[in-house]
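Reader: Could you walk me through how the two parts of this chain meet?

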Amino acid sequence: MMGPIPAAQVEALEEKYRIHRLWKSKDPEKTIKEVRDNITGVISTAWFGVSAKLIKALPNLEIISHFGVGYDNVDVQAAKKRGIIVTNTPDVLTDDTADVGMALVLAVFRRTVEGDIYVRTGQWGKKGALPLGRSLRGRTMGIVGLGRIGAAIAKRAEAFGIEVFYYGPRRKKGVPYTYTASLEGLAKASDILMVACRYCEDTHHLINAKVLKALGKKGVLINIARGKIVDEKALIDALENGVISGAGLDVFENEPDVPSALCRLDNVVLQPHVGSGTIETRAAMAQLVVDNLRLYFEKAQVLTPV
Ligand code: 8YV
């Protein structure tokens, strides 16, 4: 295990398998050298990935069971070259992650975090009513990446009376939302630009200064996907200079380090990467991690290969 995942599901695995908890080791390199020949499976997480170097160091590795839907920190190419199977945990976290996307939209438009601080710090009594928020009804949302999570956000947005557009590598069949072939075009058409795509070479800094300019001074950027999809420097610049109106961010380029410039801005709402962070979903993710490992070692099959 590279990093921690909910304990109950892992305990069940321990009845049959010996688990080495690498993040707890004082000297991980030494631990790897000691156990390298015995390791046939690895569990990785969003903050504890699997590099090509680690894959090389484990000669008997057969499967990497990743805790999370995004597996950008697992070197899948290096794994595949060795015939090592990689699995992830899609579907079980879709609804919760979409909920956080909408929570950020609401927080930015209706100033809910600001309002909470306003009440707690006694400003309500001193200054009177909180400055007015903005209505969601009749807004437009542009979703970057209409995959499982993007589609779940679209459904929620529709219920709020928001018109949905989307951008991606191709138009999707049977989807009731308007496809926009250019990202800048999508940003221009959107009050809310929702980042819900996967992170890979192609999506690195996809949201750059140009896209933010197209989003415009009334526009709001929401990111529940991966920090590196957004050029964070360009975003800070756009927020500081009124190029866009605000942002809601659950993910950052260098987690858990968040630039102090972002923390100083009052037109942003920040969350510590909690999209899938509920008791129920994290348990379901851990169960899927364990089920993939079990099925692989017992029947040479897996449930959710990448
Ligand atoms: C993390 C995530 O896996 O699924 C993803 O891609 O980013 C999250 O669900 C979670 O924070 C646990 O590491």
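Author: Happy to! A polar contact is a pair of N or O atoms within 3.5 Å; within protein, one must be able to donate a hydrogen and the other to accept it, and residues adjacent in sequence count only if both atoms are side-chain atoms. This is a predicted model, where local features need pLDDT of at least 70, side-chain atom pairs count only at pLDDT 80 or more, and totals for chains, interfaces and linings use all residues. Residues are numbered from 1 along each chain as its sequence is written, and side-chain values use heavy atoms, with hydrogens and water left out.

Reader: How many residue pairs are in polar contact between domain 1 and domain 2?
Author: An automatic or database assignment sets the bounds, giving domain 1 (7-90 + 278-299) and domain 2 (94-270). With both residues at pLDDT 80 or more, the count of pairs in polar contact between them is 6.

Reader: Which residue forms a salt bridge with Asp 72?
Author: A salt bridge puts a side-chain nitrogen of Lys or Arg within 4 Å of a carboxyl oxygen of Asp or Glu. Between domain 1 and domain 2 the count is 1 salt bridge. For Asp 72, the closest N and O atoms are 2.9 Å from each other, and the partner is Arg 226.

Reader: Is Arg 226 buried or exposed?
Author: Relative accessible area decides (1.4 Å probe, protein chains only): under 20% is buried, over 50% exposed, and in between partly exposed. Asp 72 has 35%, so Asp 72 is partly exposed. Arg 226 has 18%, so Arg 226 is buried.
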